[in-house]
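User: Hi! I've just opened this one and could use a hand getting my bearings. Can we go through it together?

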Amino acid sequence: MSNSPKNQNKYIRAKERVEELKKFYTSLMWYLIIIPFLAWINYTTNGFSYVWFLWAAFGWGIGLVFHAIKAFRLSPVFNRDWEERKIREFMREEEFHENGGQREEESWDDKINWDTDKNYNSSQRWE
């Protein structure tokens with residue numbers, strides 16, 4: 001693996017993704033430890049006449065679902081492609097204003113929609 005800026009960026013993004021997954025699995029592990037413990041406390045104190053531990057399981061479970069959506073990038077709206085497009089859009093907008101309203105010629109990187117998991121998205125056409 002060479003030390004080109006593109007490879008360094010890929011490495012940084014991959015490392016961030018691993019950190020996201022690690023945080024999710026850590027949260028899941030604690031959920032699977034704490035919720036049964038709360039259920040045991042609930043059973044020993046009132047024999048499940050009122051199952052209050054389900055409130056904690058439900059609340060924490062909702063948070064865990066959102067954490068999974070983020071970690072596994074399951075969101076169809078705000079996924080990585082959307083983030084990359086928005087970053088490029090804002091960078092182009094800033095360049096446009098810095099150049100006094102003049103557009104610079106696009107580079108090949110701008111014309112090809114680089115993706116984090118693939119080399120490029122060939123469905124994008126350049127103008």
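Predicted model: local features only at pLDDT ≥ 70, side-chain atom pairs only at ≥ 80, totals over all residues.

User: Which residue does Glu 20 form a salt bridge with?

Analyst: Its partner is Arg 73, and the closest N and O atoms are 4.0 Å apart. Glu 20 sits in helix 1, while Arg 73 is in the loop between helix 2 and helix 3, so the pair ties together parts that are 53 residues apart in sequence. Arg 73 is also partly exposed, with a relative accessible area of 26%.

User: How many salt bridges does the structure hold?

Analyst: Three. Another one joins Glu 19 and Lys 22, where the closest N and O atoms are 3.8 Å apart.

User: Where are Glu 19 and Lys 22 in the chain?

Analyst: Both are in helix 1, which covers residues 5-46. They are three residues apart, so about one helical turn separates them. Glu 19 is partly exposed, at 33% relative accessible area.

User: And what about Glu 89 and Lys 86?

Analyst: Their side chains meet in a salt bridge too, at 3.3 Å from N to O. This pair belongs to helix 3, and because the two residues are three apart there, about one helical turn lies between them. Glu 89 is partly exposed with a relative accessible area of 37%, and Lys 86 is partly exposed at 26%.

User: Let me step back for a second. How many helices and strands are there?

Analyst: The chain has four helices and zero strands. Following the sequence, the pattern reads α-α-α-α.

User: What share of the residues counts as buried?

Analyst: Of the 127 residues in the chain, 16% count as buried.

User: New topic: which residues form the nonpolar patch on the surface?

Analyst: That patch is made by Tyr 25, Phe 58, Ile 62, Val 65, Phe 66, Ile 69, Phe 72 and Leu 74. Together they have about 790 Å² of accessible area.

User: Which helix gives the largest share of it?

Analyst: Helix 2, residues 53-71, contributes five residues, the largest share of the patch. Phe 72, on the other hand, is found in the loop between helix 2 and helix 3.

User: Nice. How many aromatic pairs does the structure hold?

Analyst: Seven. One of them is Tyr 43 with Phe 48, a tilted pair with 5.2 Å from centre to centre and 50° between the planes.

User: Is Phe 48 buried or partly exposed?

Analyst: Phe 48 is partly exposed, with a relative accessible area of 37%.

User: Last one: which residues make up the negative surface patch?

Analyst: Glu 93, Glu 94, Glu 95 and Glu 98 form it. To find it on your screen, look for Glu 94 in helix 3, which spans residues 80-98.

User: Great, thanks for walking me through it!

Definitions and conventions: Residues numbered from 1 in each chain as written. Heavy atoms only, no water. Patch = residues over 30% accessible without salt bridge, like charges linked within 9 Å, V, L, I, M, F, W, Y side chains within 5 Å. Areas by Shrake-Rupley, 256 points an atom, 1.4 Å probe, with all protein chains shown as cover. Lys, Arg positive; Asp, Glu negative; His and termini not counted. Charge placed at Lys NZ, Arg CZ, Asp CG, Glu CD. Phe/Tyr/Trp six-rings, centres within 6.5 Å; stacked < 30°, edge-to-face > 60°. Buried < 20%, exposed > 50% of the residue type's maximum accessible area, 1.4 Å probe, protein only.
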